Amino acid sequence: MFSNRFNRWTVAAIALMGTAIATVPGAVLAQTPDHPSDTAAQFPTRNDLKSLTTSGSYLAARHASVERDAASAAAFYRSALRTDPKNNELLDRAFISSVADGDIDEAVKLAERILTIDKTNRVARLVVGVHDLKMKKYATAQTNINQSIRGPITDLVATLLSGWAAYGAGDAKGGVATIDKLAGPEWYPLFKDLHAGMILELSGKEKDAGTRFERAYKLDDSMLRVTEAYARWLSRNKDSAAAITVYQAFDKKLARHPLIMEGLRDTKAGKKMPPLADSAQAGAAEALYGIGATLTRRGGEDLALVYLQLSLYLQPTHPLALLSLADLYESVKRPQMAIKVYERVPATSPLKRNAQIQLAIDLDSADRTDEAIKILKGVTSDDSKDLEAIMALGNIERGRKKFGDCGATYSRGVDVLPPGNDKANSVWYYYRGICEERSKEWGKAEADMKKALELQPDQPHVLNYLGYSWIDQGVNLDEGMKMIKRAVEQRPDDGYIVDSLGWAYYRIGNYEEAVKNLERAIDLKPEDPTINDHLGDAYWRVGRTLEAKFQWSHARDLKPEPDDLPKIEAKIANGLTDDNSNSSAAQAEKKKDDGKGG
């Protein structure tokens with residue numbers, strides 16, 4: 001309910017493909033560790049590369065790979081390869097890094113070198129085949145693509161691409177036959193019918209195309225591109241009412257998808273909607289996007305990256321492929337890379353607004369908050385009722401402790417909420433209440449917290465926040481403690497909420513219960529400096545002074561807020577005195593900024 005992510009459209013309604021994920025070549029996996037960080041290496045300059053030895057370039061490339069900085073990795077591997085051109089491992093890694101970076105022209109050159117050594121390298125075959133398809137060398141494209149087959153996923157991709165290459169060569173019938181011959185898992189028919197229908201559509205066989213689209217739609221009417229393809233066909237070959245019905249059915253499953261809204265609007269205006277793809281290249285890009293986007297959500301990020309980059313090589317402005325690629329970078333905690341991709345979404349695309357919202361969130365995470373706020377203010381200026389953009393703006397302002405600003409922003413959202421007592425509206429009052437409380441407008445904050453609980457009575461974060469606030473003020477003590485206990489019952493493993501309960505006991509003078517609950521909170525969040533500081537205070541109050549100083553020392557070492565550090569150091573030196581007895585209370589207040597607890 002309280003998620004900060006808004007990129008809902010990236011791969012919405014793509015058909016699930018079971019648990020089958022193709023085996024990815026080891027060289028691809030070698031570039032993508034399980035636990036990447038987001039401290040990307042600085043892209044190397046020409047002078048950097050000239051001054052490095054082969055081993056230095058290799059080590060730099062490996063480091064860049066660990067950081068998922070494909071551009072730097074490719075540059076370093078190619079530098080090492082120039083000084084050791086017969087090193088096949090360097091050649092393979094330079095190739096994979098170039099694909100991951102989206103530098104397909106460079107990857108093709110390296111792939112051709114690989115194929116002179118190893119004609120069976122499937123990824124190299126696929127990349128060369130896609131390049132041939134882009135260059136309209138359809139016969140050689142089919143030859144190379146057909147040799148890239150490896151498993152369920154790659155079989156399907158290669159077959160769809162081969163079908164599109166056949167269409168490009170003027171053999172639409174052969175292309176459809178190629179697709180229809182493929183047998184495999186139960187999710188194959190959906191993609192087979194969709195792409196066979198698209199090929200038939202472009203070859204002028206509209207009736208046959210409609211049969212295939214209808215069949216795919218009956219298999220899965222929640223798949224976005226199937227819905228679009230079928231509705232577009234209906235708008236040209238049946239009547240607008242039938243197309244509108246299909247669009248509206250999807251809208252009931254996933255409300256207000258930009259592409260569906262555009263289709264509805266244009267169809268109602270009497271427009272005959274064009275096919276999804278207008279060429280062999282666009283159709284192949286659609287195939288690569290569809291499988292790549294699905295793999296992104298099914299744990300196959302490595303192969304997904306290859307497919308999405310190849311899709312964008314064929315169709316550089318494909319908005320769904322761009323959003324899927326950005327989403328992939330976010331999933332591996334590389335917002336800087338996602339930012340670059342979101343910026344490529346065409347201004348004319350209905351998905352540009354969604355890209356702008358997510359771009360702003362990533363800019364904020366990269367400490368480019370002013371840019372993020374400017375973008376979101378632009379989006380909300382264009383549409384003052386855009387609740388998603390308003391929420392994103394409020395969340396950024398709240399996260400950056402701009403409490404006066406975020407209170408006003410959330411109020412803009414509250415003012416345009418749909419009528420009714422939808423429990424989903426609770427979050428607006430909760431977040432606004434946080435901003436008001438931190439702006440020392442307790443009367444307004446209390447009213448909003450109560451409203452949030454009215455809409456969603458057992459929301460644990462709201463119970464925790466309001467309950468703790470009452471106890472901290474010395475009012476409604478019994479009710480406040482009951483609220484926090486109810487929150488803990490629902491979130492017994494949430495260290496912040498358990499910390500709130502422990503600190504609430506501390507504030508009312510029940511130090512033994514405070515120790516018990518704060519020790520539990522430490523078990524749950526051992527690296528949190530505030531919780532460690534709280535436990536130190538509680539230990540001091542029950543006479544466990546050595547343990548108190550240990551906890552304070554630990555809190556100091558965990559990098560607390562700069563304003564809190566001298567207070568903690570004073571307690572280490574002098575114990576808990578009247579001068580510093582309220583320091584942890586101040587930290588507890590800060591802890592509530594993100595709504596996680598006292």
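## Close-up views of a predicted model

View 1. D448 is buried, with a relative accessible area of 5%. The structure shown here and in the views that follow is a predicted model. The side chain of D448 meets that of R432 in a salt bridge, with an N to O separation of 2.7 Å.

View 2. C406 and C435 form a disulfide in which the sulfur atoms are 2.0 Å apart. The torsion about the S-S bond is -125°, and the link of C406 and C435 is left-handed. C406 lies in helix α23 (residues 403-415) and C435 in helix α24 (residues 426-438), so the bond ties together parts that are 29 residues apart in sequence. What is the relative accessible area of C406? The value for C406 is 0%, and the residue is buried. C435 is also buried, with a relative accessible area of 0%. The count for the structure comes to one disulfide.

View 3. R225 forms a salt bridge with E228, and the closest N and O atoms are 2.5 Å apart. Both R225 and E228 lie in helix α13 (residues 224-237), where they are three residues apart, about one turn of the helix. Are the two partners buried or exposed? R225 is buried at a relative accessible area of 12%, and E228 is buried at 2%. Side chains of opposite charge can pair when their charged atoms come close.

View 4. The side chains of R556 and D557 meet in a salt bridge, the N to O distance being 3.0 Å. R556 is partly exposed, with a relative accessible area of 32%. A search of the whole structure finds 30 salt bridges.

View 5. Most residues other than glycine have a negative phi. R256 is not a glycine, yet its phi is positive, at about 60°. R256 is located in the loop between α14 (240-253) and α15 (258-268). With a relative accessibility of 60%, R256 counts as exposed. K559 also has a positive phi, near 60°, in a residue other than glycine. Where does K559 lie? K559 lies in the loop between α31 (545-557) and α32 (565-574). K559 counts as exposed because its relative accessibility of 74% is over 50%.

View 6. K134 is placed in helix α7 (residues 122-134). Its relative accessible area is 28%, and K134 is partly exposed.

**View 7. Packing of helices α20 and α22.** Two packed helices are described by the angle between their axes and the distance between the axes. Helix α20 (residues 352-365) packs with helix α22 (residues 387-399) at an angle of about 5°, and the axes are 10 Å apart. Because angles under 35 degrees count as roughly parallel, α20 is roughly parallel to α22. On the α20 side, R353, N354, I357, A360, I361 and D364 meet E388, A389, A392 and I396 of α22. By class, the contact of α20 with α22 has six nonpolar, one polar and three charged residues.

Terms used: Residues numbered from 1 in each chain as written. Predicted model: local features only at pLDDT ≥ 70, side-chain atom pairs only at ≥ 80, totals over all residues. Heavy atoms only, no water. Disulfide = S-S within 2.5 Å. Helix = DSSP H or I, 4+ residues; strand = E, 2+ residues; numbered from the N terminus. Buried < 20%, exposed > 50% of the residue type's maximum accessible area, 1.4 Å probe, protein only. Salt bridge = Lys/Arg side-chain N within 4 Å of Asp/Glu carboxyl O. Axes fitted to C-alpha atoms, helices over the stretch in contact; angles between N-to-C directions. Parallel < 35°, antiparallel > 145°, perpendicular 65-115°, else oblique. Contact = heavy atoms within 4.5 Å. Nonpolar A, V, L, I, M, F, W, Y, C, P; charged D, E, K, R; others polar.
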